[in-house]
Amino acid sequence: VFSILSKLLVSLIFMLVYIGRCLYVLHKIKISIDTTYTGTEFNYYESNFFKSNKKVLKKFAKAYSYYYKKQYQQAILYFSEALELDESSKDQAILEYFSGNCFMYINKSKAAINKYSKALAKEPDFTEALINLGIQYDEQGEPALAFDCFLKASKQKNESLAALNNMAVSHIKAKSPEKAVDFLNRAIEFKPVHPTVLGNNSLVHAILGNHDISEKNYKLAIANGYNNSSNLKQALDTIRSMGPASISYQDAVQMAHAVTDLY
């Protein structure tokens, strides 16, 4: 009897180990379903944030999976749950930032501004949060506040293409095309063939009457996949036919869709 019981006990132990391994594999598969398709960007956040709290990482993974699939309302819920669990200012900043992005994408600018402001309160040098905050201020008709955000972002040591481009667009809207050229030249040095930067450069040189430079940048923008080529062409043709003095800079920017959404 003892021998039989011993064998049963050993079999039970092996069975429990096997079940445990199966459950572990299923858990890893579930996590991979939620996160691996998000690619290297998620891996970056997994490697650099939430190291002290695995529960937060799990919430972030779930939120990010919804974010990646553009299911922003669901993502907001999980980002909020993660915020309640995490006390690290660095982690909280990234969670507030992604929450802000979700609100931005569902056209709730005031909520997005609130989230980006909270992110910056935790991490004042958070370049991406500064840029997106500036974009939302611009959406709300607050060009001075937008300008301030873009200026701060463009002065940081890790200045980004988006910050330089957005600073240029702010100067275009402020009727300072010469200053816009300076920022666009820096952006082109940063990345020579970005279509939005080239399109904006084409526009601003047309406003300044530098039509040869404008045409060169227009062709480069189109060759590199500029999204609003017909609108940009219409704006350039209008500026050339009417002359830069007879068209408002805001109208030119609006016609060309010289947007500042380099996220």
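User: Quick one to start: how are α11 and α12 oriented to each other, roughly parallel or roughly antiparallel?

Analyst: This is a predicted model, and in it α11 and α12 pack at an angle of about 160°, with their axes 8 Å apart. An angle over 145 degrees counts as roughly antiparallel, so α11 and α12 are roughly antiparallel to each other.

User: And which hand does the crossing of α11 and α12 have?

Analyst: The crossing of α11 and α12 is left-handed. From α11, the contact is made by P195, L198, G199, N201, S202, H205 and A206. From α12, it is H211, I213, S214, N217, Y218, L220 and A221.

User: How does the contact of α11 with α12 split by class?

Analyst: The contact of α11 with α12 has seven nonpolar and seven polar residues, and no charged ones.

User: I see N217 in there. Is N217 buried or exposed?

Analyst: N217, which is found in helix α12, is buried, with a relative accessible area of 7%. Leaving out residues up to four places away in sequence, N217 touches I188, L198, N201 and S202.

User: What about H205, buried or exposed?

Analyst: H205 lies in helix α11, residues 195-207, and is buried at a relative accessible area of 8%. Not counting residues up to four places away in sequence, H205 touches V181, N210, H211, I213 and S214. V181 is 24 residues from H205 in sequence, and their C-alpha atoms are 7.8 Å apart.

User: What classes of residue are in the contact of α12 with α13?

Analyst: The contact of α12 with α13 has four nonpolar, three polar and three charged residues.

User: Let me step back to the whole protein. How many helices and strands are there?

Analyst: There are 14 helices and zero strands in the protein. Of its 263 residues, 43% count as buried. Among contacts with a separation of 6 or more, 54% are between residues 24 or more positions apart.

User: Which residues touch the most other members in the largest nonpolar core?

Analyst: F60, F79, I94, L95 and F98 touch the most other members of that core, which has 67 residues. In soluble globular proteins, nonpolar side chains tend to be buried together.

User: What is F60 in contact with?

Analyst: Setting aside its neighbours within four places in sequence, F60 is in contact with F42, Y45, F50, F79, L95 and F98. F49 is 11 residues from F60 in sequence, and their C-alpha atoms are 10.0 Å apart.

User: Where is the place of F49, and what does F49 touch?

Analyst: F49 has its place in the loop between α2 (40-48) and α3. F49 counts as buried, at 8% relative accessibility. Beyond residues up to four places away in sequence, F49 touches Y44, K90, D91 and I94.

User: OK, now α3 and α4. At what angle do their axes cross?

Analyst: The axes of helix α3 (residues 54-68) and helix α4 (residues 72-85) cross at roughly 165° and come within 8 Å. That makes α3 roughly antiparallel to α4. α3 passes α4 in a left-handed crossing. On the α3 side, the contact includes F60, A63 and Y67, and on the α4 side it includes Y78, F79 and L85. By class, the contact of α3 with α4 has 12 nonpolar, one polar and four charged residues.

Notes: Residues are numbered from 1 along each chain as its sequence is written. This is a predicted model: local features need pLDDT of at least 70, side-chain atom pairs count only at pLDDT 80 or more; totals for chains, interfaces and linings use all residues. Side-chain values use heavy atoms; hydrogens and water are left out. Axes are lines fitted to C-alpha atoms, for helices over the stretch in contact, and angles run from 0 to 180 degrees between N-to-C directions. Helices (H or I, at least four residues) and strands (E, at least two) are DSSP runs, numbered from the N terminus. Angles under 35 degrees count as roughly parallel, over 145 as roughly antiparallel, 65 to 115 as roughly perpendicular and the rest as oblique. A crossing is left-handed if the near helix is turned anticlockwise from the far one by less than a right angle, and right-handed if clockwise. Contact means heavy atoms within 4.5 Å. Ala, Val, Leu, Ile, Met, Phe, Trp, Tyr, Cys and Pro count as nonpolar, Asp, Glu, Lys and Arg as charged, and the others, Gly among them, as polar. A nonpolar core is a set of buried Ala, Val, Leu, Ile, Met, Phe, Trp, Tyr and Cys residues joined through side-chain atoms within 4.5 Å. Buried means under 20% relative accessible area, exposed over 50%, partly exposed in between (1.4 Å probe, protein chains only).
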